[in-house]
Amino acid sequence: MKTTSTTAVCSLSYREARTYAAAALFVVGNIVLPQLCHLMPQGGLVWLPIYFFTLVAAYKFGLTAGLLTAVVSPLANNLLFGMPAAAMLPVILTKSVLLALAAAFVASRARRVTLLGVALAVVAYQAVGTVAEWGMSGSLTTALQDIRLGWPGILVQVFGGFAVMKYVKFRG
């Protein structure tokens, strides 16, 4: 697999209607994908689906679309399906926002979709998110759960996120 792409990234602003349209589509993705993953035992813990379209939104369309997706997705899922559980919302919202920040930052520097860039964004949010969760929960074991159980989801975020951004034609 080629590790770079000439696929450009863009940064949508809060003033553009297409920002909200893009974020709405990514939120729908972050609602549907977790529902599919939850059909499998521990599907959410293994595949980490709530983060997938946040990564794509932030990396491909910038911080605004990423933050909208990062915040609305977990809240909508909780209100509609009770998942994630309300007690987990602070951690998941923190990690979602960290992912949006990391992905938008890396993309703004790279100015194109690269496998290394996507991997850096995912590693950064997981590293900082693990420390944040450790501080919130007081348990290193709990904080390492995304890495220990969710490594398949992390790989899907990196390789699947890269593939979606490279091969799916978005209009930005």
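**Helix α6 and its packing against α9**

In this predicted model, helix α6 passes α9 in a right-handed crossing, that is, with the near helix turned clockwise from the far one by less than a right angle. Helices here are DSSP runs of H or I with at least four residues, strands are E runs of at least two, and both are numbered from the N terminus. The axes of α6 (residues 115-137) and α9 (residues 151-167) come within 9 Å and cross at roughly 145°; they are lines fitted to C-alpha atoms over the stretch in contact, with angles running from 0 to 180 degrees between N-to-C directions. On the α6 side, the contact (heavy atoms within 4.5 Å) is made by Leu-115, Val-118, Ala-119, Val-122, Tyr-125 and Gln-126. Helix α9 brings in Ile-154, Gln-157, Val-158, Phe-159, Phe-162 and Met-165. Sorted by class, that makes 10 nonpolar residues, two polar and no charged ones, where Ala, Val, Leu, Ile, Met, Phe, Trp, Tyr, Cys and Pro count as nonpolar, Asp, Glu, Lys and Arg as charged, and the others, Gly among them, as polar.

As for residue numbers and cut-offs, numbering starts from 1 along each chain as its sequence is written. Local features need pLDDT of at least 70, side-chain atom pairs count only at pLDDT 80 or more, totals for chains, interfaces and linings use all residues, and side-chain values use heavy atoms, leaving out hydrogens and water.

The 23 residues of α6 should span 33 Å, and its end C-alpha atoms are 32 Å apart, which agrees. Just after α6, Gly-138 takes a positive phi of about 75°.

Buried residues (under 20% relative accessible area, with over 50% exposed and anything in between partly exposed; 1.4 Å probe, protein chains only) of α6 include Gly-117, Ala-121, Gly-129, Thr-130 and Glu-133. Among the buried residues of α9 are Pro-152, Gly-153, Gly-161 and Lys-166.

Another lysine, Lys-95, sits in helix α5 and is buried, with a relative accessible area of 1%. Neighbours within four places in sequence aside, Lys-95 touches Tyr-51, Tyr-125, Gly-129, Thr-130, Glu-133, Ala-143 and Asp-146.

How values were computed: Expected span 1.5 Å × (residues − 1).
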